[in-house]
Amino acid sequence: MLILCRIRCPHFDHRIRRLNPCSSMASCSRKTSPIIHAFVIFLLVCSSSISPVYSSEPHNLHARNRTFRPDKELQKLKFIRQRLNKINKPAVKTIQSPDGDTIDCVLSHHQPAFDLPQLKGQRPLDPPEGPRVYERDGVMMTAEVEEEEEGEEHVQLWRMSGETCPEGTIPIRRTTEQDLLRASSVRRFGRKPRRRVRRDSTSNGHEHAVGYVSGGEYYGAKGSINVWAPHVSNPYEFSLSQLWVISGSFAHDLNTIEAGWQVSPELYGDNYPRFFTYWTINENIWQNDAYEATGCYNLMCSGFVQTNNRIAIGAAISPISSYHGGQFDITLLIWKDPKHGNWWLEFGSGILVGYWPSFLFTHLRDHATMVQFGGEIVNTRPGGSHTSTAMGSGHFAGEGFGKASYFRNLEVVDWDNNLIPLPNLRVLADHPNCYDIRGGVNGVWGHYFYYGGPGRSVRCP
């Protein structure tokens with residue numbers, strides 16, 4: 001069972017009551033779509049009389065002349081069909097979600113990861129022993145909570161009907177033709193947009209407000225992330241809040257493991273906050289640049305091995321926080337299994353989602369050299385101005401609890417598989433007039449910070 005919690009706010013004399021809770025939440029179809037058939041017929045009929053047309057180029061959001069090329073479009077549709085056949089696996093059961101998603105219950109050993117040569121013919125591993133909780137003088141140093149058992153249907157929208165996937169299967173959000181046709185790049189669907197990856201960026205289009213630790217050896221990270229549904233101003237931007245486990249150089253050989261929630265109209269076709277994972281590796285053996293290569297969101301490529309039949313990666317989270325209202329967060333833990341070296345993901349209170357096999361990585365085969373927590377948005381500068389895409393709640397850190405978004409109870413895993421408080425949390429905002437961050441520490445929330453902002457405003461033109 002997932003644990004929903006009533007927590008103490010980081011003000012020692014103030015109790016958050018149930019009236020205003022700070023609760024912790026924790027069919028594949030191989031048939032060719034009628035849309036594709038219709039589109040192909042249209043192309044064949046019209047190919048003899050095509051003339052140049054004007055369209056919008058999604059990468060830069062300004063008008064540009066393009067010549068309609070039936071051969072190119074047919075090639076694109078063929079690629080889409082091949083990609084869908086690779087991503088979507090045969091389902092033993094299908095569940096319709098109220099938000100429009102289709103959830104396929106796929107045999108666990110048929111999921112995309114087992115297309116990898118290293119995993120062919122194998123089964124998912126049994127769960128390892130989790131990290132030990134840090135103790136001092138016999139007192140557990142974790143969030144002060146009052147636990148209540150609640151049904152897991154409160155965690156994601158697809159569970160609202162009470163249905164779940166059978167044992168031995170995993171839930172996978174079905175990828176559709178529309179998903180790929182909506183993408184700015186069909187070939188890069190499921191990957192983050194290309195850019196030079198830096199944390200002190202000023203012009204790469206990705207902006208951050210993060211807390212981080214670096215300079216040591218880290219074997220995992222844990223934190224509770226406040227869940228909101230921030231405004232995203234156009235389909236080719238996103239807003240996310242996550243934790244990063246990082247090793248390698250930001251210039252050309254980056255390894256990352258990431259998990260959190262995101263609002264991404266391009267990826268999902270709506271504005272729901274969704275639980276997501278991401279991983280990437282860049283090395284010469286993969287012939288790619290940082291964030292431009294092997295790795296992907298969720299289960300959109302072979303890599304992450306899911307072991308849980310109750311959590312769907314990429315599915316919408318429910319409930320979410322509201323301004324001056326109830327506050328909800330999800331707790332995530334990523335850690336490296338000392339025995340086999342794989343990186344495991346835990347959602348909520350003890351719910352293991354799955355793992356990234358150690359052979360996927362180079363630098364992360366050993367340990368991480370940096371851990372980050374915080375928000376990230378994409379700024380396409382529509383009309384030459386800063387985007388109005390929001391980060392977190394869309395309000396600045398100074399507004400505090402119930403208004404600004406937060407991360408709390410931030411910890412890392414040490415070399416001996418112990419969860420310990422952050423040794424020295426630093427905070428950084430790329431553009432503090434647009435999105436800012438303020439950190440703190442107390443006996444209830446441990447290391448925490450508020451972060452976020454509205455984007456374009458008087459102070460952020």
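In this predicted model, Arg274 has a relative accessibility of 0% and therefore counts as buried. Arg274 lies in strand S16 (274–281), which is an edge strand of a sheet and pairs on one side only.

**Salt bridges**

The model contains eleven salt bridges. Side chains of opposite charge can pair when their charged atoms come close.

| Salt bridge | Distance (N to O) |
|---|---|
| Asp99 and Arg274 | 3.4 Å |
| Asp101 and Arg274 | 2.7 Å |
| Arg174 and Asp104 | 2.9 Å |

Asp101 is found in the loop between S5 and S6, 173 residues from Arg274. The relative accessible area of Asp101 is 6%, so this residue is buried. Asp99 is buried as well, as is Arg274. A network of salt bridges links Asp99, Asp101, Arg173, Asp179, Arg182, Asp270 and Arg274. As for the pair formed by Arg174 and Asp104, both residues are buried.

**The sheet**

Six strands form an open sheet in the order S16-S15-S14-S21-S12-S24, with antiparallel pairing. The other edge strand is S24 (426–429). From one strand to the next, the twist averages 15 degrees. Strand S15 (residues 255–263) runs antiparallel to S16 and is joined to it by eight bridges. Thr256 stands opposite Thr280 in S16.

**Thr389**

Thr389 belongs to the loop between strand S21 (368–378) and strand S22 (405–413). Its relative accessibility is 0%, so Thr389 counts as buried. The side chain of Thr389 makes a polar contact with that of Glu237 at 2.5 Å. Beyond its neighbours within four places in sequence, Thr389 is in contact with residues including His231, Phe238, Ile377, Tyr435 and Pro454.

Definitions and conventions
Residues numbered from 1 in each chain as written. Predicted model: local features only at pLDDT ≥ 70, side-chain atom pairs only at ≥ 80, totals over all residues. Heavy atoms only, no water. Helix = DSSP H or I, 4+ residues; strand = E, 2+ residues; numbered from the N terminus. Buried < 20%, exposed > 50% of the residue type's maximum accessible area, 1.4 Å probe, protein only. Polar contact = N/O pair within 3.5 Å; in protein donor to acceptor, adjacent residues only side chain to side chain. Contact = heavy atoms within 4.5 Å. Pairing = 2+ DSSP bridges. Axes fitted to C-alpha atoms, helices over the stretch in contact; angles between N-to-C directions. Salt bridge = Lys/Arg side-chain N within 4 Å of Asp/Glu carboxyl O.
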